[in-house]
Amino acid sequence: MKAPARSVVRSTGLCALLLLLALPVRPQPRLQSPVERSGFERLTSYDTLQAFLETLDGRGHCTVRRIAQTHKGRSVSSVLVTSSPRFGEDTLKLRVMLFAQQHGDEPSGKEALTLLLARIAGLDLDRILSRIDLIIVPQMNPDGSELRQRRTADDVDLNRNHLLLTSPETRGLHDLFDTWWPEVTMDIHEYGPNSRAWSDSGFVKSVDVQLGMLTNLNSSGALRVYERGSAFPFVDSTMQKCGYSFHEYIVGSPEDFIRYSTTEPNDGRQSFGILNTLSFIQEGRGGTELEDGLERRARSQCASIEALLAFCAGRSAEIRTLVARERRALVAGRGLPVVLCMDHFVGGRKMIIPVRRVPSGRDTLWQVHPLHDQVKPLCTRSLPSGYIIPGELTGIREILDRHHVQREIVVGSRRVDAVAYIIESVQPDTLEGEWHPRPSLRAEKVKRVLRTGDIVVRTDQTRSLFLGILLEPESMWGLVKYDGFSSLLQGREYPILRIP
Ligand SMILES: [Zn+2]
């Protein structure tokens, strides 16, 4: 009885299919993003964004998931995009993570990602999606966005919260990263074109989009070369073809000096970069009012994002191989050099960028000078095979857990050989315009007894250099510069020991 029943089902299915094919095809209306629907007059509010994401969920390869809840109870949402049956299933695909609006008063990145999502829902990006699985977080800081302010409602700069991860928004993003380990990430922002330092020199930065590379010397040199030598020229030429102005992201003032942006591993780009991710920051031109020239701002940001995606799709196997190789190198741990202090110097590179003269408004080119285009190490140490953290330093244990660092919690007691830093003096120092304590140290071999609750963290893991940056007392971007951890440098001995 079974065989005929199946053939009935089959023939019924076939008839339905033929009937469907016979029906006149009605083109599906193209999904528009909220900002398109408003004619680029209104920013997409939190509620409108959530409603838009709801319509996307399950449509055009998109799955929407909440990654965090803000202090005001709003959701930070992610969209997993794949043309495979399940996200992450095709291990030959490259994974790319895009996130925007960590700063609530920089809305054009969010709008660009909604434009991109509407195109994805319309199946316009299927060629790219045949090579890439995409993770999109359009709005990292909904509370700040609703308040039209840079920081969160509880006054946190999310883009300086990637080391301690005290905010639910950044914790959610790092959990998402740790779930999928994307090979490529892009953090999307806006820059202020109306800086006094520039206009006093007779011009303003008028470029549509700036793209920033990794600058921290603890990210792989091979990845930094690949970003500037391969990815950047591709996106640059695509942007020119699209009619948008574009150059590498620079900060500073013509009256003083110009340099690449911060080496701080506490931001969205560098925090993933030091895990040897091909990581970028993008800065679109901001408006005097948040809505000024919104269409060009959103479309130019979207064009640059799509250009990067096209580059990644075209070189997906090469990038996967490169990132996998550089991440494997991190697992070596012991003996890896970790750069603890670094600064920007004149390196001799020539850079010419489009600028706008004031007050004439004439567009022209400017050769950037003085240009501090080279980051050099000022202080380097070798990683030990591990660190010992006394159990009472619970704040550090929490940070390690937020970063998914593999660690052992000691049970019982055991004797170990270790190296302690004896603190001889501590001087205040300034690098990149930021204060940090600079200790003078002497290393001393010691024998210690570990007790229940102490933490042993080995450096033979992907977060090896992250551990050095976080825990070494001389690290300009390390724990010692943060409120709540200044006591680490106040005793005779630095309480975190190195395992030789
Ligand atoms: Zn920003």
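**Sheet, core and domains of a predicted model**

User: What is the strand order of the open sheet of eight strands?

Analyst: The order is β1-β2-β4-β3-β5-β11-β7-β8, and the pairing is mixed. The model is predicted: local features need pLDDT of at least 70, side-chain atom pairs count only at pLDDT 80 or more, and totals for chains, interfaces and linings use all residues. Residues are numbered from 1 along each chain as its sequence is written. Strands (E, at least two residues) and helices (H or I, at least four) are DSSP runs numbered from the N terminus.

User: What makes β1 and β8 edge strands?

Analyst: β1 (62-69) and β8 (246-248) each have a single partner strand, so one side of each lacks a neighbour in the sheet. On average, neighbouring strands of this sheet are turned by 20 degrees against each other, direction ignored. Axes here are lines fitted to C-alpha atoms, for helices over the stretch in contact, with angles from 0 to 180 degrees between N-to-C directions.

User: Which strands does helix α12 touch?

Analyst: Helix α12 (residues 316-330) packs on the sheet and touches β3, β4, β5 (184-191) and β11 (278-285). The direction of α12 makes about 85 degrees with that of β3. Helix α3 (residues 46-56) lies across β1 and β2 (75-81), at about 30 degrees to β2. Contact between two residues requires C-beta atoms, placed from the backbone, within 7 Å.

User: Why is helix α14 called mostly covered?

Analyst: A residue is buried if 20 or more other C-beta atoms lie within 10 Å of its own, exposed if 12 or fewer, and partly exposed in between, with C-beta atoms placed from the backbone. In α14 (residues 464-471), eight of its eight residues are buried, so the helix is described as mostly covered. Among them are Phe466, Gly468 and Ile469. The cover includes α12, β12 (337-345), β16 (374-382), β17 (386-389) and β21 (455-458).

User: What makes a set of residues a nonpolar core, and which residues have the most contacts inside the largest one?

Analyst: A nonpolar core is a set of buried Ala, Val, Leu, Ile, Met, Phe, Trp, Tyr and Cys residues joined through C-beta atoms within 7 Å. The largest has 118 residues, and those with the most contacts inside it are Val79, Val96, Leu98, Leu117, Ile136 and Leu308. Helix α11 (residues 294-314) gives the most to this core, with nine residues. Domain 1 (34-333) and domain 2 (383-499) both give residues to the core, so the core lies between them. Leaving aside residues up to four places away in sequence, Ile136 touches Ser78, Val79, Val81, Leu98, Leu113 and Leu117.

User: How far apart are the C-alpha centres of domain 1 and domain 2?

Analyst: The centres lie 32 Å apart. The contact takes 18 residues from domain 1 and 20 residues from domain 2. Domain bounds come from an automatic or database domain assignment.

User: How do you know that the radius of gyration agrees with a compact globule?

Analyst: The globule rule is 2.2 Å times the number of residues to the power 0.38, and the radius is taken over C-alpha atoms. For 500 residues a compact globule would have a radius near 23 Å; the chain has 25 Å, which agrees.

Note on methods. Pairing = 2+ DSSP bridges.
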